[in-house]
Amino acid sequence: MYFTDRGIEELVERRGGETVTIEWVAERLRDFLDLNPEFETPVERLATWLARLDDEDD
């Protein structure tokens, strides 16, 4: 288990029953980056990866 899995598990436990939109997730990522600009690169990579999940070329 990676250290980050703990955060993912907490997310599932606390918010797993909720339904959210991509717009909501994008706004939360923007809020997070406003507070933590040093995480710009990893958040950008995550957002790009999520955006391209269905691309057959990747």
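In this predicted model, 25 residues line the largest pocket, and those lying nearest its centre are Leu 11, Val 25, Leu 29, Leu 46 and Leu 50. Two or more lining residues are contributed by each of the helices α1 (4-15), α2 (22-35) and α3. The largest share belongs to α2, which supplies nine residues to the lining. By residue class, the lining of the largest pocket comprises 17 nonpolar, six charged and two polar residues. The space within this pocket amounts to about 1,200 Å³.

A separate topic is the aromatic residues. The structure contains one aromatic pair. Phe 32 and Phe 39 form this pair, with ring centres 5.6 Å apart and ring planes at 45 degrees; the pair is therefore classed as tilted, since planes under 30 degrees apart would count as stacked and those over 60 as edge-to-face. As for solvent accessibility, Phe 32 has a relative accessibility of 34% and so counts as partly exposed. Phe 39, at a relative accessible area of 35%, is likewise partly exposed.

Relative to Phe 3, Thr 48 is 45 residues away in sequence, and the C-alpha atoms of Thr 48 and Phe 3 are 22 Å apart in space.

Technical notes:
Residues numbered from 1 in each chain as written. Predicted model: local features only at pLDDT ≥ 70, side-chain atom pairs only at ≥ 80, totals over all residues. Heavy atoms only, no water. Phe/Tyr/Trp six-rings, centres within 6.5 Å; stacked < 30°, edge-to-face > 60°. Buried < 20%, exposed > 50% of the residue type's maximum accessible area, 1.4 Å probe, protein only. 1 Å grid on protein atoms, 1.4 Å probe; cavity = no way out; pocket = protein on both sides within 12 Å on 5 of 7 lines; lining within 4 Å. Points joined across faces, edges and corners; volume = space filled by probe spheres on them. Helix = DSSP H or I, 4+ residues; strand = E, 2+ residues; numbered from the N terminus. Nonpolar A, V, L, I, M, F, W, Y, C, P; charged D, E, K, R; others polar.
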